[in-house]
Structure formats: structure tokens, C-alpha cells
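Please work through each task before consulting its solution.

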Amino acid sequence: MYGSYTGRSRTRGRAAGLRTTGTAAALGAALLLAGCSGDGEGDEKKSAPTVEQQPKDKDPYWVNPDGNAARQVAAYSEDGDEKNAELIRKIARQPVGEWIGPDNPENEVKGVTEAAAAVDRDALLVLYNIPHRDCGQFSKGGASDGNAYRAWLDSVAKGIGDRSATVILEPDALLHLVDGCTPQEFHEERYDLLKGAIQRLKQQPATKVYLDAGNAGWQSPDALFQPLQRAGIAEADGFSLNVSNFQTTAVSTEFGKKLSEKIGGKPFVIDTSRNGNGPYTGGDPAESWCNPPGRALGEAPTTQTGDERVDAYLWIKRPGESDGDCKGGPKAGAWWPEYALGLASATK
């Protein structure tokens with residue numbers, strides 16, 4: 001059945017190996033603020049790589065100075081490979097989503113949001129832990145049941161506190177109800193969990209919530225608006241599109257406006273992390289979404305989109321992290337420097 005959904009954007013994945021924890025994120029921010037480059041003259045001990053924040057009026061989201069891309073830049077520079085270091089800087093200098101793990105979410109989220117607040121920026125968080133996640137595919141997993149998910153979500157909210165955060169809520173979760181991938185027996189619970197998640201997160205005074213609505217190549221606005229309403233979109237700040245997918249910004253905007261009209265004019269955000277060359281049209285259509293070659297970075301993250309319905313262009317999927325073990329890639333979410341270099345090299 002999966003081969004029929006060529007527009008789907010499965011396999012978010014958690015990063016492996018160089019995955020940044022909230023503690024490391026806070027440390028990276030402290031190093032950035034201190035302007036550290038070492039412990040003193042002659043000291044060979046190297047600090048974590050640092051990057052600058054983007055201008056707040058253009059892009060208010062936090063750039064993690066200790067993320068996978070920043071570490072890759074440091075590794076290439078240490079090896080004297082400035083050509084590849086400069087390519088990966090295209091990724092390292094931009095804010096990307098922080099995908100929150102299943103273990104100790106309160107501390108992880110607290111670390112990220114405190115690091116962001118320390119440099120007067122907003123945290124961009126992605127919550128991807130719904131039970132029966134990804135229909136057992138590359139990014140299968142999630143909370144063990146509804147109660148476990150509610151407890152995890154409550155910990156996330158506590159970790160945010162009163163700090164500024166934008167949350168992308170459960171990529172694919174709604175769409176897998178619409179396309180029949182998630183078994184019918186779990187539908188009622190999932191709608192309840194999504195609606196409850198919005199309500200819980202909105203108790204935090206400076207938190208925005210965007211419920212994921214898939215991408216323009218997956219389902220039609222006519223198929224989506226009622227499920228979005230049932231999942232509580234009225235209480236959310238808007239919806240997200242194109243997470244981990246490759247639909248162009250123009251196509252995504254047109255799709256989003258049609259959907260917005262059906263749900264009370266809600267605004268939306270678009271993942272532009274890898275859509276610079278649009279969707280891949282070669283190879284097996286059933287795997288066009290998984291590590292497609294020849295893709296490019298899209299528009300840089302910004303809240304200045306020039307469209308009142310589009311709240312932001314965001315890099316929700318972290319460029320350079322694998323979609324799954326297809327086309328020679330590592331497991332979903334693992335940092336893949338060769339793919340990152342391909343994205344950066346193809347970017348105009």
C-alpha cells in the first residue's frame with residue numbers, strides 16, 4: 001500500500017551519533033555568548049563550534065551553535081577542507097528544528113528554550129512521538145500508548161515554561177489517518193491526542209502551535225479540512241506543510257491557501273529545508289521521498305514571507321539528516337555529510 005502514496009513525507013527520524021541534547025544546546029549557547037575559542041594561548045583543547053544568530057527581525061529563531069552541521073564545519077576546518085566547510089556553513093548558519101526525544105523531554109526542552117532565550121531568540125521544536133508513529137515504517141515508534149503520550153507532552157510543556165517557542169506538532173500523524181495508513185482502531189485516540197496536545201501546549205503563554213497537514217503532493221484540501229477541524233485546528237496558531245518533503249514553495253503556498261480558506265483563514269508555515277529543486281521525479285515513485293538525489297536547500301528560514309497567510313519559511317527537517325536506510329543512506333535521522341554536501345552544492 002505504501003507505494004501508492006508517492007507524495008508522502010515519512011521518516012522524520014531522530015538524529016543519531018551527533019544528536020544534540022538540551023544540555024549540549026545550552027552549553028553551545030553559553031560558548032557563543034562568551035565568544036570562546038579556547039582555554040588560553042597554547043591550549044590545544046578545542047571548544048564546540050560557534051555560529052552567529054540571524055537578524056531577529058528577519059528570522060527570530062535560534063541557531064544551535066552545537067548542531068550537527070556546525071560540528072561538521074568544525075571537523076572539515078580542522079582537516080583543512082575549507083571548500084566543504086564553506087558548503088556546510090550554508091546549513092550551519094540557519095536555524096533548524098529541534099526534534100524532541102522520548103527520554104527526559106522536560107530537561108531537553110528546557111535546555112533548548114533556555115539557550116534560545118539567552119540570545120533573545122525563539123526555540124523551534126518538533127514533536128514526533130505519537131503512538132503507532134509512521135505506520136511501522138522507517139521512523140516507527142512513538143509513545144507506548146495514549147497515557148504515555150500525554151505524560152510526555154506534559155513534560156514538554158513544562159520544559160517550555162514561559163519562554164518563546166514555536167512547536168510543529170506531529171508530522172504525518174493526521175495524514176496517516178486520512179490516507180488509511182494508521183489502522184482504524186487507533187483513529188479516535190489519535191484525534192483526541194492531537195486536540196489535547198494543542199490545548200496543553202497553548203497553556204504556555206509564549207508558545208505557538210502548528211498542526212502538521214502533510215504536503216501538496218499527498219492529499220487534497222477537500223480531504224484534509226474536516227480531519228484538521230476534528231483534531232483541534234481552531235485552537236492552534238495554524239498548520240505546517242511540506243515537512244521533510246520537496247514540494248516547491250510556490251506549490252506549497254497555493255495548496256496552503258486553499259486549505260486555509262476551508263478552516264477559517266488559518267495561517268501556515270512551510271518547510272523549505274530541501275525544496276530548492278522541487279520533488280524528485282526519477283527512480284521508483286514509491287521512494288521518491290526517501291533521500292532523493294539532486295535536491296537543494298530552499299529559501300532560508302524567515303518570517304518575512306511577503307504573504308499574510310504564510311507565517312514563516314522554516315527548516316523543520318534538518319538538512320543533511322537521512323530519511324532512512326534507502327539509496328545508501330544511514331538510518332532515519334542520522335547525520336549524513338555526503339547528502340548534506342549534495343544539498344549545499346546544488347543550491348543556487
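**Exercise 1.** Which residue is the bridge partner of Ala123 in β3?

*Solution.* The model is a predicted one, in which local features need pLDDT of at least 70 and side-chain atom pairs count only at pLDDT 80 or more, while totals for chains, interfaces and linings use all residues. Residues are numbered from 1 along each chain as its sequence is written, and side-chain values use heavy atoms, with hydrogens and water left out.

Step 1. Helices (H or I, at least four residues) and strands (E, at least two) are DSSP runs numbered from the N terminus. Two strands pair if DSSP finds at least two bridges between them.

Step 2. Strand β2 (residues 123-127) and β3 run parallel and are joined by five bridges.

Step 3. Within β3, Ala165 is the bridge partner of Ala123.

Step 4. Five bridges also join β3 to strand β4 (residues 207-212), again in parallel. Here Thr166 stands opposite Lys208 in β4.

**Exercise 2.** Determine how many residues of strand β3 are buried, and state which way their side chains point.

*Solution.* Step 1. A residue is buried under 20% relative accessible area, exposed over 50%, and partly exposed in between (1.4 Å probe, protein chains only).

Step 1. In β3 (residues 165-169), five of its five residues are buried, and the strand is mostly covered.

Step 2. Ala165, Val167 and Leu169 point one way from β3, whereas Thr166 and Ile168 point the other way.

**Exercise 3.** Give the order of the strands in the open sheet, and identify which strands stand at the edges.

*Solution.* Step 1. Seven strands form the open sheet, in the order β1-β2-β3-β4-β5-β6-β7, and their pairing is parallel.

Step 1. β1 (98-99) and β7 each have a single partner strand and stand at the edges, so one side of each is left without a neighbour in the sheet.

Step 2. Strands of a sheet pair through backbone hydrogen bonds, either parallel or antiparallel.

**Exercise 4.** Describe the surroundings of β6 in the sheet.

*Solution.* Step 1. On one side, three bridges join β5 to β6, and these strands run parallel. Phe239 stands opposite Phe268 in β6, and Leu241 stands opposite Ile270.

Step 1. Four bridges join β6 to strand β7 (residues 310-314), also in parallel. In β7, Val310 is the bridge partner of Phe268.

Step 2. Both faces of β6 are covered: Phe268 and Ile270 on one side, and Val269 and Asp271 on the other, are all buried.

Step 3. Together, β5, helix α9 (residues 249-262) and β6 make a right-handed β-α-β unit. A crossover is right-handed if, with the strands pointing away from the viewer, the path from the first strand over the helix to the second runs clockwise.

**Exercise 5.** How many aromatic pairs does a search of the whole structure find?

*Solution.* Step 1. Rings of Phe, Tyr and Trp (its six-membered ring) pair if their centres lie within 6.5 Å; planes under 30 degrees apart count as stacked, over 60 as edge-to-face and the rest as tilted.

Step 1. The search finds four aromatic pairs. In one of them, the ring centres of Phe239 and Phe268 are 5.2 Å apart and the planes lie at 20°, so the pair is stacked.

Step 2. Phe239 belongs to strand β5 (residues 238-241) and Phe268 to strand β6 (residues 268-271), so the pair ties together parts that are 29 residues apart in sequence. Phe239 is buried at a relative accessible area of 0%, and Phe268 is buried at 0%.

Step 3. Trp336 and Tyr339 also form a stacked pair, with 5.3 Å centre to centre and 20° between the planes. Trp336 is buried, with a relative accessible area of 14%, and Tyr339 is buried at 9%.

**Exercise 6.** Is Asn242 buried or exposed?

*Solution.* Step 1. Asn242 is located in the loop between β5 and α9.

Step 1. The relative accessibility of Asn242 is 0%, so the residue counts as buried.

Step 2. Asn242 has a phi near 70°, a positive value in a residue other than glycine.

Step 3. Another positive value belongs to Asn104, with phi near 50°. Asn104 lies in the loop between β1 and α4 (105-118) and is partly exposed, with a relative accessible area of 48%.
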